[in-house]
Amino acid sequence: MIFIMRRSKSFLQKAIAVVLALLTWQAAALLLNQKVLLASPVDVALRFCTIWTESEFFNSVWFTFSRIVLGFFMALLTGIVLAFLAGRFKYVEIILWPYMATIKSIPVASFIIIALIWLTSSQLSIVIVFLIVLPVIYTNILNGIKNIDGKILETATIFRLSWKKRLLYIWLPQIKPFIFSASSISIGLAWKSGVAAEIIGIPSGSIGEELYYSKVYLNTTDLFTWTVIIIILSIGFEKIFSLLLKFIFKGIERL
């Protein structure tokens, strides 16, 4: 009962914060009184009610969503594998260090321009999301592995636990919070970098293309509406993926 009350209180506080933010946005739009510069939340809400009825809406959403999610999962799996190898073998960490440091340092725009030389615009967001998310996943999980208590590992060695048992009962439980943290950060970065890549590459039938033409034609209402759609997709995917991770870890804990 107390847990439910706390959840309700937290939800109410967040709802009030959202309402205050919308009221601030509406007040700013009314004071500025220039739709080209700032569309109001009312205009965006009205446009949101009609935009999904357009023939290309779901195609654009699926185009962008599928590529960003694919790039994210590719980076997630690669980052986990590389982090485990680096945690197990020090020389792997040393070999990977310059690559990860370089990827983290190069601006997203530079990656996009370089990638456009090698790839078609339709493949661009997959590669950019992969490159941006990979070092985040790798670094967080590697830090989690390094934080595993050495005494636990020594005990596992003494009792000659198999690699599989060490993975299931020592490594995964210890790095669980790091995986959740890395995923939460990475999903936001994935959507930001993926959509940015589409705006520069302008692949046909993407959300990035819609944003680009909204800017070209000074259609601020559409620009804000598509931005809201991106936020909804990003938060929705993060919630679903978080539930999936919890389900996977519960399954592992039952083994």
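I202 lies in the loop between α8 (163-201) and α9 (207-216), where helices are DSSP runs of H or I with at least four residues, numbered from the N terminus. The structure is a predicted model, in which local features need pLDDT of at least 70, side-chain atom pairs count only at pLDDT 80 or more, and totals for chains, interfaces and linings use all residues. Residues are numbered from 1 along each chain as its sequence is written, and side-chain values use heavy atoms, with hydrogens and water left out.

**Loop residues with positive phi**

- Although I202 is not a glycine, its phi is positive, at about 50°.
- I202 counts as partly exposed because its relative accessibility is 26% (buried is under 20% relative accessible area, exposed over 50%, partly exposed in between; 1.4 Å probe, protein chains only).
- L218, found in the loop between α9 and α10, is not a glycine either, yet has a positive phi of about 55°.
- L218 counts as exposed because its relative accessibility is 56%.

**Positive surface patch**

- K14, K239, K246, K250 and R254 form a positive surface patch (residues with over 30% relative accessible area and no salt bridge, like charges being joined within 9 Å).
- A salt bridge here is a side-chain nitrogen of Lys or Arg within 4 Å of a carboxyl oxygen of Asp or Glu.
- Charge positions are taken at NZ of Lys and CZ of Arg.
- Helix α10 (residues 220-254) gives the most to this patch, with four residues.
- K239 lies in helix α10 and, because its relative accessibility is 54%, counts as exposed.

Conventions
Patch = residues over 30% accessible without salt bridge, like charges linked within 9 Å, V, L, I, M, F, W, Y side chains within 5 Å. Areas by Shrake-Rupley, 256 points an atom, 1.4 Å probe, with all protein chains shown as cover. Lys, Arg positive; Asp, Glu negative; His and termini not counted. Helix = DSSP H or I, 4+ residues; strand = E, 2+ residues; numbered from the N terminus.
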